[in-house]
Amino acid sequence: MEEKKYAYKYPHPSVTADCIIFGFDGGKLKVLLIERGQDPYKGRWAFPGGFVQMDESCEDGALRELEEETALKGTAVQQFHTYSDPNRDPRERVITVAFLALVRIQEVKAGDDASKAQWFAIDEVPQLAFDHDVILRDALKHLRERIHFQPIGFELLPEKFTMRQLQNLYESILDVHFDRGNFSKKMLHFNILTPLDETVRPTPKREARLYRFNKESYDELKQKGFRLEF
């Protein structure tokens, strides 16, 4: 084959993009998975993703595959790692670029080459296809590091929420238990929560105040970075 300018004769890998999408249902951290409808690993669960096309960036490919396989649109993703083990894909030499996103849980539906799309609690995730078990562990580690430096609840909680829901979020991500009073005091200290003149009754005997994120303070802290310790 004639070698063309900038078209190299040397072997080169294919590139995929995978999306690790975390959500929160008020009690547990969850991750969005699709059941593969094709080989390899047909019937196994995996992250939404696929091959990057020649005319798109990795991020554009990730967002396209996410929409095609789960119907999620307009998701703000962030690249967090690249996986290049030569044997990670049995089909051929494939490098994948992994993207992470935090979203409020919403209905998803399978499409393209996915048989199903479903949210799984982190402690209920089945064995995944390819090297996605490794990617999930890395994504959780990245999220647990990030939670100390960015107030991430804005992406995961409803517009109005209780302090208990916020504490549940942090506990589910970090897999720890916080003292209720200490957690509340710490969060209010950062001035990112606006107390509302509204309450809900989580139980018939208990009334809980609702809060909303103060977006201006929230964005300012995201820019400056903050360190959250308990």
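## The overall picture

Let's start with the whole chain. The model is a prediction, and its protein chain carries six helices and ten strands.

How much of the chain is buried? Buried residues account for 44% of the 230 residues. As for how the chain meets itself, take the contacts between residues at least 6 apart in sequence: 66% of them join residues at least 24 apart.

Strand β1 (residues 14-24) runs parallel to β6, and nine bridges hold the pairing; T16 has T96 of β6 as its bridge partner. Strand β5 pairs with β6 in the antiparallel sense, over five bridges. Here Q78 has L100 of β6 as its bridge partner. In general, strands of a sheet pair through backbone hydrogen bonds, in either the parallel or the antiparallel sense.

Is T75 buried or exposed? With a relative accessible area of 11%, T75 is buried, because the cut-off for that label is under 20%.

Which residues does T75 touch, once neighbours within four places in sequence are set aside? The contacts are I21, L63, L66, A101 and V103.

The pairing of β8 with strand β10 (residues 206-213) is antiparallel and rests on two bridges. F161 has Y211 of β10 as its bridge partner.

## Where α4 meets α5

Two packed helices are described by the angle between their axes and the distance between the axes. For α4 (residues 163-174) and α5 (residues 180-189), the axes come within 10 Å and cross at roughly 95°. The two helices are therefore roughly perpendicular to each other, since the label covers angles from 65 to 115 degrees. On the α4 side the contact is made by M163, L166, Q167 and Y170, and on the α5 side by R180, F183, S184, M187 and L188. Sorted by type, these residues are six nonpolar, two polar and one charged.

The loop between α4 and α5 holds D175. Phi of D175 is near 60°, a positive value in a residue other than glycine. D175 is exposed, with a relative accessible area of 64%.

## Aromatic pairs

How many aromatic pairs does the structure hold? There are five. In one of them, the rings of W45 and F120 have centres 4.8 Å apart and planes at 70°, so the pair is edge-to-face. This pair links distant parts of the chain: W45 is in strand β3 (residues 45-46) and F120 in strand β7 (residues 114-121), 75 residues apart. W45 counts as buried at 11% relative accessibility, and F120 counts as buried at 10%.

Y170 and F183 make another edge-to-face pair, 5.7 Å centre to centre with 65° between the planes. Y170 comes from helix α4 and F183 from helix α5, 13 residues apart. Both Y170 and F183 are buried, and together with F178 they form one aromatic cluster.

Two more spots deserve a look. A cis peptide bond joins D39 and P40, with omega about 0°; P40 lies in the loop between β2 (29-36) and β3.

F130 is not a glycine, yet has a positive phi of about 50°. F130 lies in the loop between β7 and α2 (132-146) and is buried, with a relative accessible area of 14%.

Technical notes
Residues are numbered from 1 along each chain as its sequence is written. This is a predicted model: local features need pLDDT of at least 70, side-chain atom pairs count only at pLDDT 80 or more; totals for chains, interfaces and linings use all residues. Side-chain values use heavy atoms; hydrogens and water are left out. Buried means under 20% relative accessible area, exposed over 50%, partly exposed in between (1.4 Å probe, protein chains only). Contact means heavy atoms within 4.5 Å. Axes are lines fitted to C-alpha atoms, for helices over the stretch in contact, and angles run from 0 to 180 degrees between N-to-C directions. Helices (H or I, at least four residues) and strands (E, at least two) are DSSP runs, numbered from the N terminus. Angles under 35 degrees count as roughly parallel, over 145 as roughly antiparallel, 65 to 115 as roughly perpendicular and the rest as oblique. Ala, Val, Leu, Ile, Met, Phe, Trp, Tyr, Cys and Pro count as nonpolar, Asp, Glu, Lys and Arg as charged, and the others, Gly among them, as polar. Two strands pair if DSSP finds at least two bridges between them. Rings of Phe, Tyr and Trp (its six-membered ring) pair if their centres lie within 6.5 Å; planes under 30 degrees apart count as stacked, over 60 as edge-to-face and the rest as tilted.
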